[in-house]
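Hi there,

Here is the structure I promised to pass on. Have a look at it first, and then read my notes below.

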Amino acid sequence: MSSRITTQWLLILLLFTIIGCENKNSDGTTSNSDNDEVSISVSPKFLHQNFPVLDSISQAKQDLHKLLNSYAYRLKNASEFVSSDKELQELFHLRDDKIIQALHKEVLDPLAIHDGVFYHSPAGAKLDEELKVLGMQAIYSEGMYIDLGPSEMLTQEMQQYASEVFRLYMDFQSAKTTSMMGEYPFLNLDGQGKMVFTGEKMQEKYPDNELTKKIEADFKMALTPLTDVHVIKSEFDKSYMVNGLATEFYPNATNIDAIKKFVTDYPDSKYSKVVGKILENMSEMEPKQSGWKDLYLVVVSWEDLAEETFSNPEDTTQVKSMTCIGAKKVSDEFLQKGIAIPHIIRLLKKEEEKCAVVYRFYADKKKAEMALQEIKKEVPNVVGLVQLTYNPLEKTWLLK
């Protein structure tokens, strides 16, 4: 009996010895076996030694700090941990799904609220450098920190091990971060241009891939400022706007050279050809003493409002609203076919709100008539010309 008990205790002691060896290494490093993505041996001081600013500002959030420490170690020593597309995706998944949102919400955003000077200090500049090394980009507007997004990382490993669709997907995400930079969202369109070009490749080569489906909404959003544009012609100058009949400089102002740059940078894109057609014959508005001159819309079709669900990424709540999502789908299908029908305009039609899918609009009726004949060559069945008049008191457009 005593022999059996002694044997059992020996087995238990051996088990505890093995567990102890797994959790503590001879070099003083620890194994983070509580997290599948980061179950590696890494010094708890690695972040402090290599990314001191990020280490300093994140120490109060212990779980996140531990995760950042392990993530930074794996990234800096990627040659030891990455040798396949699957391992690359694990690292990018860790960054995109676990680190970026937590770092923004728990550390960077509160820091911006409580210490507005930090991001303009040498420490703030150093933090930007550290984040970029770790594949992240701080997003600023009017000099203020507003968000955190992914940026390019592990370029060598991506070229060597990543599948093409995953490489394109990550290029798209980095371009999306670029598109969010700056005070005015549409003055520089380099990010949107790369999103459209990269997204187009994914749609053509990998139409059924889950990653292609994931970029669909962002792709359409990136295409809008390159297509749904119009010029406001005054006596002395011209200004360019995005979105339907928008006239407010912020946030709708765009740069005609930025749109032309897309055509120059991506001549092989089918959307480059569509944008080129729009640039050759752009929709126009003209001011008058009180408001705006009447407009003549070349309407392709009327579509009903439809319910659309929007998600709030901060608290995962969902909000439903009636929008022109159906009309936008019609316009997107035309653009995909190379037919430049870019505008969606919401109007009150016989006491009911409708969405007009519009080819072009002008204050000059003759220009509108000529545009109508042009679009009929590609789309024979269209509604035709619709005249709008501006009500300066209510600041709304009304069907005449």
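These notes cover the nonpolar cores and then some helix packing.

This is a predicted model, in which local features need pLDDT of at least 70 and side-chain atom pairs count only at pLDDT 80 or more, while totals for chains, interfaces and linings use all residues. Residues are numbered from 1 along each chain as its sequence is written, and side-chain values use heavy atoms, leaving out hydrogens and water.

The largest nonpolar core has 75 residues. A nonpolar core is a set of buried Ala, Val, Leu, Ile, Met, Phe, Trp, Tyr and Cys residues joined through side-chain atoms within 4.5 Å, where buried means under 20% relative accessible area (1.4 Å probe, protein chains only). Among the members that touch the most others are Leu54, Tyr71 and Leu108. Helix 6 (residues 85–114) gives the most to this core, 11 residues; helices are DSSP runs (H or I, at least four residues), numbered from the N terminus. Another core, of 20 residues, lies apart from it and includes Ala368 and Val382.

Now for the helices. Helix 9 (residues 164–179) and helix 10 cross at roughly 160°, and their axes come within 8 Å. Axes are lines fitted to C-alpha atoms over the stretch in contact (heavy atoms within 4.5 Å), and angles run from 0 to 180 degrees between N-to-C directions. Helix 9 and helix 10 are therefore roughly antiparallel, a word used for angles over 145 degrees. Their contact has 7 nonpolar, 6 polar and 6 charged residues, with Ala, Val, Leu, Ile, Met, Phe, Trp, Tyr, Cys and Pro counted as nonpolar, Asp, Glu, Lys and Arg as charged, and the others, Gly among them, as polar.

Happy exploring!

Key
Buried means under 20% relative accessible area, exposed over 50%, partly exposed in between (1.4 Å probe, protein chains only). Helices (H or I, at least four residues) and strands (E, at least two) are DSSP runs, numbered from the N terminus. Angles under 35 degrees count as roughly parallel, over 145 as roughly antiparallel, 65 to 115 as roughly perpendicular and the rest as oblique.
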